[in-house]
Amino acid sequence: MENSQPSETKEKNNLPAGLLEDLQEWWNDHFDRPFSEVASALPTQLNEFGYDPFGFQPQVVKYALYVTSWLYKYYFRVELQGAANIPEGRVMMISNHSGQLPIDGVMIATGVLLEGNPPRAVRSMVERWAQVLPFVNVFFNRVGQILGTPENARALLEMDEALLVFPEGTRGINKLWWDRYKLQDFGLGFMRLALETRSPIVPIAVVGAEEQIPTFYNLKKIAGLLKMPALPVTPFHPWLPGLGMMPLPTKYRIWIGQPMEFDGDPEDEDSVIQRKVNAVKQQIQEMLTYGVKTRKSVFF
């Protein structure tokens with residue numbers, strides 16, 4: 001009988017050799033951290049097809065990194081502080097969410113790979129509606145994003161992964177302009193999982209994403225008919241189809257706070273769990289308020 005256990009799989013490069021060499025040369029010219037060091041943070045225990053149990057394919061991430069790293073350094077010009085606060089082993093990274101498109105999650109994950117010490121692969125939880133989008137659902141799986149269920153989150157934490165969670169969910173990412181940097185209600189599920197798996201919580205504040213796609217109205221009824229979480233009205237959308245949701249080149253500032261440890265029964269009443277959730281929420285809100293107050297410009 002063949003051994004069905006995961007094993008280290010030799011990945012194939014599907015890009016032309018010349019193009020791959022050009023990409024690697026570009027990387028070496030623009031980043032201090034060698035690409036090989038970044039790639040070493042990606043999983044190596046894969047099945048015969050090059051995937052982990054959730055469909056994560058490190059080879060796809062390597063290709064995607066050339067794009068996301070350019071966005072990180074040159075388009076959003078991200079300033080990341082506190083990367084050293086991310087502990088080894090299992091950890092839940094809890095962040096505010098905004099900007100209509102989940103670019104904040106991409107920039108956090110890219111930043112931890114580029115500036116983490118050591119670099120780490122970050123796995124993000126995504127909403128159910130993303131799993132019904134053709135091509136997007138497959139791509140999300142290939143780059144390590146998973147459907148946001150307690151079972152999936154528990155499994156990843158038990159594998160000692162770094163798990164990124166946005167407790168505001170779609171309420172956060174679809175905020176209107178006058179609600180920017182005001183945290184929406186946090187769900188309680190992440191705290192119950194943290195208690196159950198004894199995972200430290202690292203609070204994260206992202207400043208800059210709120211302004212990337214200014215939103216002044218949400219066509220909720222039409223969005224419901226289309227089975228979408230929101231249909232934003234912006235200065236450019238839906239007036240410029242295709243280009244209307246192009247994010248502006250706002251400057252991202254990401255603060256990663258000190259780990260927070262919580263004890264208690266994951267099955268406690270909601271009121272008990274809520275107090276712990278409020279402590280995390282308050283810490284993130286304070287970081288956001290400080291970040292907005294101290295920045296000199298939305299774009300610089």
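These legends describe close-up views of a predicted model.

**View 1. Packing of helix H8 against helix H10.** Two packed helices are described by the angle between their axes and the distance between the axes. For H8 (residues 189-197) and H10 (residues 270-294), the angle is about 95° and the axes lie 9 Å apart. The two helices are therefore roughly perpendicular to each other, because angles from 65 to 115 degrees fall in that class.

**View 2. Residues at the contact of H8 with H10.** From H8, the contact involves Phe190, Met191, Arg192 and Leu195. Their counterparts in H10 are Asp270, Ile273, Lys276, Val277 and Val280. By residue class, the contact of H8 with H10 comprises six nonpolar and three charged residues, with no polar ones.

**View 3. Salt bridge between Arg154 and Glu196.** The side chains of this pair approach to 2.7 Å, N to O. Arg154 belongs to helix H6 (residues 150-158) and Glu196 to helix H8, so the bridge links distant parts of the chain, 42 residues apart. Arg154 counts as partly exposed, at 24% relative accessibility. Glu196 also counts as partly exposed, its relative accessibility being 40%; the class covers values between 20% and 50%.

**View 4. Salt bridge between Lys175 and Glu168.** The closest N and O atoms of the two residues are 3.6 Å apart. Lys175 has a relative accessibility of 8% and counts as buried. Glu168 is likewise buried, at 1%. Both assignments follow because buried means under 20% relative accessible area.

**View 5. Salt bridge between Arg295 and Glu211.** Here the side chains meet with an N to O distance of 2.7 Å. Arg295 is located in the segment after H10, while Glu211 sits in the loop between strand E8 (201-207) and strand E9 (217-218). The pair therefore ties together parts of the chain that are 84 residues apart in sequence. Arg295 is buried, with a relative accessible area of 15%. Glu211 counts as buried too, with 5% relative accessibility.

**View 6. Salt-bridge network of Asp52, Arg123 and Glu161.** Salt bridges link Asp52, Arg123 and Glu161 in a network. For the whole structure, the search finds 10 salt bridges.

Notes:
Residues are numbered from 1 along each chain as its sequence is written. This is a predicted model: local features need pLDDT of at least 70, side-chain atom pairs count only at pLDDT 80 or more; totals for chains, interfaces and linings use all residues. Side-chain values use heavy atoms; hydrogens and water are left out. Axes are lines fitted to C-alpha atoms, for helices over the stretch in contact, and angles run from 0 to 180 degrees between N-to-C directions. Helices (H or I, at least four residues) and strands (E, at least two) are DSSP runs, numbered from the N terminus. Angles under 35 degrees count as roughly parallel, over 145 as roughly antiparallel, 65 to 115 as roughly perpendicular and the rest as oblique. Contact means heavy atoms within 4.5 Å. Ala, Val, Leu, Ile, Met, Phe, Trp, Tyr, Cys and Pro count as nonpolar, Asp, Glu, Lys and Arg as charged, and the others, Gly among them, as polar. A salt bridge is a side-chain nitrogen of Lys or Arg within 4 Å of a carboxyl oxygen of Asp or Glu. Buried means under 20% relative accessible area, exposed over 50%, partly exposed in between (1.4 Å probe, protein chains only).
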